[in-house]
Amino acid sequence: MIRSVLSVMAFILVVGAFAGVLHFEHADIVYPEGYYENAVLVGNIFETIRPKVIELVGNDPGRITIVLKDKGTVSNGHTMPFFHRAIVIYPWPPESWLHFQLPLEDWYTYVLIHEFSHMCHLTYQDDLGKTITKLTGIPFYPQLFSGLIEGVTLFNESSFSSSSGRLNNPFYSDGLFYYSLSNFPSSGYREIVPEDDYRDGLLYYNFTGGFYKYLVKTYGLEKVKELFRESSRIGGDDAYKKVFGKSFDEIYTDWILSLTGLSYDQGNLVYKAENTRLYKLDLFEDGLVVLSEEYGPFTSYTGMKKKALKFIDLEGKETREIPVENVIDVKYDNGKIYTLCKERFFERYENILWNVTEGKIIKRGSISAFAIHEGKIYMASYDTKSMKSKIEGPGFEYVFDGFIRYMDASEDYIALLTLDNKIVVLDRRTKREVSKIDTPTMKGPYVRFWKNGVTFVQVEGDNTMPCYYDLKEKRLYSLAEKTLLSDFLVADDTLYYISYVPYGRTGGMGVYKKSLRIKPLKIERENHRFTERRANFTDSDEFSFRLKKFLKPVLHVPLYVPHNFSMLFGFSSVENNVQLFLAPTVNSEDGFSQYAGFSVVKDSFTAYGSYLYPQGMYSLGLSTRIGSFLLSPSSGLEFVLGLSFDSIGSNIPNLLDSIPTPKSKNVGAGLELRTYVFNFPASLKTFLTFSAENIGQLFTLDSLYSFNELKIALGRESNLSVRFNLQLADLDTFNYDISLAQTLFEDRAELFDGLVLVKNTGNTIGITSLELSGDAQEINALYDHIFVETYTKGFKFYLTAGAFLNLSSLSSPQPAGFYVGVSTSPNGFPSFPAFIELR
């Protein structure tokens, strides 16, 4: 068995083989085929930023591994401080509005600064922690619980250049904090990141970064490093009180009070969207249209957000809406609507250009931006290997050295907004560059043609300013003063723009208007851009590097209980996504036994297995999410496959959570359809599972089960759920649950010093087939309960208390009863009920 497991692991390592490894002074760069030049660049950048990041954090994590992974059009990176110290980065930069939320002049530079800051911060240890890790391999890292994880990274990514980093973007830093003063998140709330708050991941990232910046500004960087050292001591006292002389809560309150001094000059509010994010504003026919993402209690209940194009007149009245999904950009031309969306097939992403009006796909691939004018479509495709973009359109082809994050077209020109904040204007006929706005100042998400030039957002201190560059005069103008906006447009002599509204329990965003005030603006000439230095390196074979890493135990923990001694050995791949555990055990009574277990965890693929010798106990599981395919601009379909085999029955939890597992041997497939009903999100999940206790009986009609669930949001505060399951060969096994959940109160409360958050109290009424404890026969029951949405750190559940009425027989021994329970949804009879019998 052990030989078989090792063979499987070796196979996985071979299948995951890349092209090579470059060995720099402080890092090994693993890269895929065709990415040699990228790996050299990444190594040079890392060796350049490394000393300053270590200085900013105060801890040297030693040698690390950096892995480049090409997953198509997805921008991401992650750090694993244990077991191997590795950083994984994807080479595709962020596009459109994503870039303005993650403003980076150079993708490789700032994703490395961010992720290496994690590595330096999270590997802080005192002497005792280092000793434990050295002796056993157990990664004892206290900073994982510091509450400042993303604060360190956002501060550091904003420290190398004033034109990069989230804390240098006032719209998503000080401006966001200022407009949250009436509903400011507590420290516990921002770590939990409730699903129904429009600030979403900004809570965990940006608010944490803002607080960290306040710590550094108020007490100095050296004091903050002292906080890290103090809070990394095992059994230490209150580190905040000891280092700063104030408790954490006192300092957090001081930060909130410091934000009251900010001020922004807003115009007249035309359109208010509470608990909603607005990404893009356009003119369409005689009105406005905004790309929106709406949140509410239904977001928690269904796991879905409402994404739509909302059409409003110039006075702010909403006239209609069109649901959309996964939209990066949207454009309008001759009454038609076009969107650029993302789609996934296994672990690879690509962008798809849709004609929404006609419901057809124009093109799919590595499209970073597109422009359209009078039916002529121009697309920019980015090659992550060469790091060049190719723009193509009717009679037009142009190669640009870099990434194009947005583009626009007019009768004569094409404008390109680049990753490094340049705006390049090309002549459509001659394909020559007619103008370049080469200011390093941070730019907003879009560029548009207007009058004799182009408009765009530019960051000026604490403001984000609407700007206009006249291509004939070669002059830059501002269109308003002291503004905070993410997008804008001009209609006649009126400026319409997107900014925050402070109203409601969470706040939201809205559309404002004000009169134009055109003034010349000084062009910034100072170059903030980062330049990497060249570093020496060698190269080697990638497979031997991986195998060497894997064969060196990362865990070697002795375990002893009376009459029983075992040694736990752990092995892990470079990226820590393939792991093997061996635990030989010597028992004075039963002799020798051996446990072997492995796991493989990737973005769309999960597998695990274990075996205990000589008892013969085993488990094996596999799950894959084949892809998330767009059926239309507003509907998507996801397929899943899974299997699980267990030698000791189905009482073991299904670790994959991909297919239902009624018995100990299971093979199943399913799909999830996400779409819109009544302009609100809806989903249908359906699974077919072969399930039996004996493998020989697995693929028979008697072992085939069907599991189904329909969820439909019925507004911001209510949700309908329909569940039904059955064994296909025995229709008597049919069971169902139909319920309506309605929010009563959205108020929130934090209990036990912020450890528990309760919110969205509501009522659920439903009808279900219910099997009472002690009864072999199911009954039909009408039930009603009160639920409370409850969060404990990142775990969400619903506490319920209610009553049921037996509809099958009112003369039965238990015609009615009360119950309390815990469930993972506000809908349905609780998963774990406790009945209170009536006597």
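Helices (H or I, at least four residues) and strands (E, at least two) are DSSP runs, numbered here from the N terminus. By that count, the protein chain has 14 helices and 49 strands. What you're looking at is a predicted model, where local features need pLDDT of at least 70, side-chain atom pairs count only at pLDDT 80 or more, and totals for chains, interfaces and linings use all residues. Residues are numbered from 1 along each chain as its sequence is written, and side-chain values use heavy atoms, leaving out hydrogens and water.

**Overall build**
- The C-alpha atoms of the protein chain fill a box of roughly 90 × 70 × 60 Å along the principal axes.
- Buried residues (under 20% relative accessible area, 1.4 Å probe, protein chains only) make up 56% of the 839 residues.

**Around I352**
- I352 sits in strand β13 (residues 348-355).
- I352 counts as buried because its relative accessibility is 0%.
- Leaving aside residues up to four places away in sequence, I352 is in contact (heavy atoms within 4.5 Å) with T339, L340, C341, E343, I361, K363 and R364.

**Where α6 meets α9**
- The axes (lines fitted to C-alpha atoms over the stretch in contact, with angles from 0 to 180 degrees between N-to-C directions) of α6 (residues 149-157) and α9 (residues 201-219) come within 7 Å and cross at roughly 75°.
- α6 and α9 are therefore roughly perpendicular (65 to 115 degrees).
- Residues making this contact include I149, V152 and F155 of α6, and Y204, Y212 and V216 of α9.

Definitions and conventions:
Buried < 20%, exposed > 50% of the residue type's maximum accessible area, 1.4 Å probe, protein only. Parallel < 35°, antiparallel > 145°, perpendicular 65-115°, else oblique.
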